[in-house]
Amino acid sequence: GGGVAPPVVCAAGSDGSLSCFSAALDAAAPPSDAAAGPALRLTPAWSDGGGGGGALLSVDASPDGLQLASCGEGGLLSLHDAEGGERLDIPTEESCLFSAEWCSPNEVLTAGACVSLWDKRDLRRPTSRLLPSFGTPMSCSPQLQAASRHPQHPHRVAAGASSGALYGWDLRLGGGRASDLGERCSRDAAEM
């Protein structure tokens, strides 16, 4: 009750708070710019007040819209009930998580020093952990700013690093060393 009705707008705070609003077009309100069309009316639905783990850096809605995943500076992955904001915090081995993305109604992909795939049915540890360089400790890995699975080939994962490198993995191979796609793409372009 009193939850969020789609569409939803979420705002992440530097204090770790997450606030969600119901969004609706308000045709009766005069737009600030005549060319912009109707105004967007936001109605506060809930706010969780923050988890004390630093600023949130990423928020993503599950494909069914029932849950939100958030992460940030504290290295904590949090799953939120979209209706009322009830939060489940999952500690990770990361000092900072830069992105969280739902891959399916049950799976969340996170990026930090490594890419981790989490299954919400068993959150004790990630189902897969992918490092940019095989054998490199997580503390020495480049910071992975974003990660995503391919929509038609979910066994393929790509991540972009703070260094500008692009990495790719094939989950069918069980993780291991990433292909440095940025280096390969640069080499291929130079050969053209």
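Visitor: Which residue's side chain meets that of Glu107 in a salt bridge?

Guide: This is a predicted model, in which local features need pLDDT of at least 70, side-chain atom pairs count only at pLDDT 80 or more, and totals for chains, interfaces and linings use all residues. Residues are numbered from 1 along each chain as its sequence is written, and side-chain values use heavy atoms, with hydrogens and water left out. A salt bridge is a side-chain nitrogen of Lys or Arg within 4 Å of a carboxyl oxygen of Asp or Glu. Here the side chain of Glu107 meets that of Arg149, at 2.9 Å from N to O.

Visitor: Which parts does this pair tie together?

Guide: Strands (E, at least two residues) are DSSP runs, numbered from the N terminus. Glu107 lies in strand E9 (residues 107-111) and Arg149 in strand E12, so the pair ties together parts that are 42 residues apart in sequence.

Visitor: Is Arg149 buried or exposed?

Guide: Buried means under 20% relative accessible area, exposed over 50%, and partly exposed in between (1.4 Å probe, protein chains only). Arg149 counts as buried because its relative accessibility is 16%.

Visitor: How many salt bridges does the structure hold?

Guide: The structure holds seven. One of them joins the side chains of Arg121 and Asp119, at 2.7 Å from N to O. Within this pair, Arg121 is exposed, with a relative accessible area of 61%, whereas Asp119 is buried, at 12%.

Visitor: Which residues are linked in a network of salt bridges?

Guide: Asp48, Arg87 and Asp89 are linked in such a network. The side chains of Arg87 and Asp89 meet at 2.9 Å, N to O. Arg87 is partly exposed, with a relative accessible area of 31%, and Asp89 also counts as partly exposed, at 31% relative accessibility.

Visitor: Where is Gln145 found, and what does it touch?

Guide: Gln145 is found in strand E12 (residues 144-149). Contact means heavy atoms within 4.5 Å. Not counting residues up to four places away in sequence, Gln145 touches Phe98, Ser99, Ala111, Gly160, Ala161 and Ser162. The C-alpha atoms of Gln145 and Ala159 are separated by 7.3 Å, although these residues are 14 apart along the chain. At 33% relative accessibility, Gln145 counts as partly exposed.

Visitor: In what order do the three strands of the open sheet lie?

Guide: Two strands pair if DSSP finds at least two bridges between them. The order is E1-E2-E3, with antiparallel pairing. Strand E1 (8-12) and strand E3 (39-47) are the edge strands, each pairing on one side only. Five bridges join E1 to strand E2 (residues 18-26), and Ala12 stands opposite Leu18 in E2.

Visitor: What do E4 and E5 form?

Guide: They form a hairpin with five residues between the strands, and Gly65 in the turn has a positive phi of about 75°. Five bridges join strand E4 (residues 56-61) to strand E5 (residues 67-72), and the two run antiparallel. Ser58 stands opposite Cys71 in E5.

Visitor: Which residues form a nonpolar patch on the surface?

Guide: Patches are made of residues with over 30% relative accessible area and no salt bridge; like charges are joined within 9 Å, and nonpolar side chains (Val, Leu, Ile, Met, Phe, Trp, Tyr) within 5 Å. Accessible areas come from the Shrake-Rupley method with a 1.4 Å probe; for residues, only the protein chains shown count as cover. Here Val9, Leu25, Leu40 and Leu42 form the patch, with about 360 Å² of accessible area together. Leu40 is found in strand E3 and counts as exposed, at 53% relative accessibility.

Definitions and conventions
Helices (H or I, at least four residues) and strands (E, at least two) are DSSP runs, numbered from the N terminus.
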